[in-house]
Amino acid sequence: MPIEAATPVEDVAGADREYLYTLNFGPQHPATHTTLRLILTLDGETIVKAVPDIGYLHSGFEKLGEDLDFNQYVTVVDRMNYISPFANECAWFHTVEKLLDIEITPRCKYLRTILSELARISDHLLCIGAAALDLGALTAFLYAFNQREMVYDIMEFASGQRFHPSYCRVGGLMADISDDVVAKIRSYVKTFPKAHADITGLLNRNRIFVDRTKGIGVLSKEEAINTGCTGPVARAAGVVRDLRKDEPYLAYKDLASSFKVVCGKGGDCLNRYLVRMGEMAESMKIIHAAVENIPGGPVNVNLEDKLTIPDKNATYRSIEGLIQHFELFMWNRRWETPVEEVYGAQETANGELGFYLVADGSGKAFRARTRPPSFIHFAVFPQMIEGHQISDVPAVLGSLNIIAAELDR
Amino acid sequence: MPAYLDTLNAKFPKAFTTSTFRDNHRVVLSGENSYAVLFPLLKCLKTECGFDMLGEIGGIDYLNYPGATDRYGVVYGLTNTTTGERLFVKAFTNDPEPELPSVYEMWKSADWMEREVYDMYGVKFVGHPDLRRILMPHEFAAFPLRKDYPLRGYGERHNFQTVTRADS
Amino acid sequence: MALTGLLPDFLVTKMDALASMLRKHSLWPMPFATACCGIELMATASSRYDIARFGSEAMRFSPRQCDLMIVAGRVAMKMVPVMQRIWLQMPEPKWCISMGACASSGGVFDTYAVVQGIDRFIPVDVYVPGCPPRPEQLIRAVLDIQEKVQRTGTIDAREFAARDTYAGPTSLARELGPDQTIVAPGDYNTATRFRRPLN
């Protein structure tokens, strides 16, 4: 059914079809995970029209981006897609470094690659676990969350915060990793395939799960392109597009031979689930290849470039370090940026997360526009759900992986 | 020179300027002709140059920006999904009635993104079928991402009634 | 049995204490999860941290069945009336945990759209710091609620009747001038109505 303009529900349930009734779904509803709201017009149990109402978590991220400097904004970017925070940081600093024309060190590239792939795994785990939970499969959720805890552990070992690492900085990372982290990642690479097989075994041939996802929420390839979908949603519909291959960034150029782009055909919920499962396995291959090849050397770019925060030793023991620290933290100094604008995007778990950064010469963004994949994907939801049953709403929502903080910002 | 520029130059002579920064290629319209040229230009890019995905629409308020002549800029990020080529088209509009044509007819993805630009900057998209606020409450009267709106607002966030234990 | 010899055949206690003891070990949380803290709330409920050890695993998403509201995550302006309505729908006796920095004070989001602490609009019993708090901290908060229930609870919830005044921080609401023709989205009765488009 082609998408129609969203007109208010009162007009739809007009005079000729007055047996239609309206159901308010959310904003506080378990299947919406967070704060999504749908106004459904129903014919019995069939959905005639769905009008999403969003903004229940709008917190002014982009306004904050104009108030905080590049390094401070990392804390806010973290909270955007809060189930894979590290990937957001990577995308943000990718854009900032593009603006400032910084080439980060090989070691930093590899570390960022590994950690953002771990973030992708934890994102997909939560998406699959929660989607299964909404369809009644609690066990898969518990299995998935157990694996997420391992990723949390690695993040905590690396950065000190288990949930929002805030680990990236302009031109590098907050600190280098220790050998413990590498050991933990290695052991995770060993244990994860078993958990992946467990979840596969629980869901892939689960009659209820397959019946409730197959053929539900179909998105054709043309529609996926026309509506701007990216990431697993587009790939499940057959759009072969992955920024990791198409516009290789970080260490993906070196690791290109170690992974494949997972695509689906049908564009329904089951395909999206299968693409996510496949992507987790591919991510594991990337991590496996990368963790054995982490180059040596510093994680931050050269201190003389006056772009990175000097470490404690340099700050307290050398006058250059102290001056640079001072320069980067004074509100009227910071970085010197070109009066230009730049768009940088990376392939996060949900799709293409881009930032459009306008700089006015100061160390703060004049405008930090986000291109949130959840926002684009949720806009497609009404056309996916029309004609389906009301019990298909959780299935479609779960497969789209809408994160409200990224949706509303 | 990219192939799309030849097509554009032939169809819209002297209507736009181009610029490049890092790997971003931009086609910039001026404040005067944005309203007239934007829609046909994007249509030409879609139908003749293969830019089939509108990945992003972002608003910018250029108040007090160094060297800016127009106030509101709207950036259209186009992608050619076959070649992976990207292009950014920039249009401008001004007070008191900031208006641009809606591209909803061509790309369904413009639906919500145009609503968001309207919500945050007050730029009206003429031809959009359902232009209303998307993120802020319906009653909200300001456009929060404009530069003359303070970060902490005017105190709207505190104006709710308080529920005490006695009420419940 | 050694235990039977040690304990008397009967115990004398107050009905209040008995009711509180039963209540505190069967708190049913209502996860009002809006943002990041909601994921930590899920982590608390899942395998590793397992809030079931403290009798609070029965998460119910209907406010009518719950007695502990956990506000996890920032509350935006549009969400306040929804939150108040859900709080009012919960039956007495009920308690509220404000989980995380955003719910307690606005956290890093000191912007036009985010409420600076939910305690200005609904009563809060326990605050949990952290952004987001670790699951251990949330479990601690549940234990604190249990202690509060044991100490102050009464069988007919008459302890709430005495608390008829607003106990939160000073209200910052003010009359907006005519030049700032901006109003809040209304109260909990009207705010979630579907609006007609502007044009």
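This is a predicted model: local features need pLDDT of at least 70, side-chain atom pairs count only at pLDDT 80 or more; totals for chains, interfaces and linings use all residues.

Visitor: Which domains does the assignment give for chain A?

Guide: Domain 1 covers 9–53, and domain 2 is made of 61–66 + 103–300 + 373–408. Such bounds come from an automatic or database domain assignment. In chain A, 19 residues of domain 1 and 18 residues of domain 2 take part in the contact, meaning heavy atoms within 4.5 Å.

Visitor: How much area do domain 1 and domain 2 of chain A bury between them?

Guide: About 1,500 Å², with 69% of it on carbon and sulfur atoms. Buried area is the accessible area (1.4 Å probe) that two parts lose on being put together, summed over both. On the domain 1 side of chain A, His33(A), Leu36(A) and Ile47(A) lose the most area to domain 2, together 35% of what that side buries.

Visitor: And how many salt bridges cross that interface of domain 1 and domain 2 of chain A?

Guide: The rule finds 0 there. A salt bridge is a side-chain nitrogen of Lys or Arg within 4 Å of a carboxyl oxygen of Asp or Glu. Over all chains, the count comes to 45 salt bridges.

Visitor: Nice, show me one! What does Arg107(A) form a salt bridge with?

Guide: Its partner is Asp176(A), and the closest N and O atoms are 3.1 Å apart. Arg107(A) lies in helix 5 (residues 106–134) of chain A and Asp176(A) in the loop between strand 5 (172–173) and helix 7 (179–203), so the pair ties together parts 69 residues apart in sequence. Helices (H or I, at least four residues) and strands (E, at least two) are DSSP runs, numbered from the N terminus.

Visitor: Is Arg107(A) buried or exposed?

Guide: Arg107(A) is buried, at 14% relative accessible area, while Asp176(A) is partly exposed at 36%. Buried means under 20%, exposed over 50%, and partly exposed in between (1.4 Å probe, protein chains only).

Visitor: What about chain B?

Guide: There, Asp148(B) and Arg71(B) meet in a salt bridge (3.5 Å, N to O). Asp148(B) is partly exposed at 46%, and Arg71(B) counts as buried at 13%.

Terms used: Residues are numbered from 1 along each chain as its sequence is written. Chains are lettered from A and ligands numbered from 1 in the order in which they are written. Side-chain values use heavy atoms; hydrogens and water are left out.
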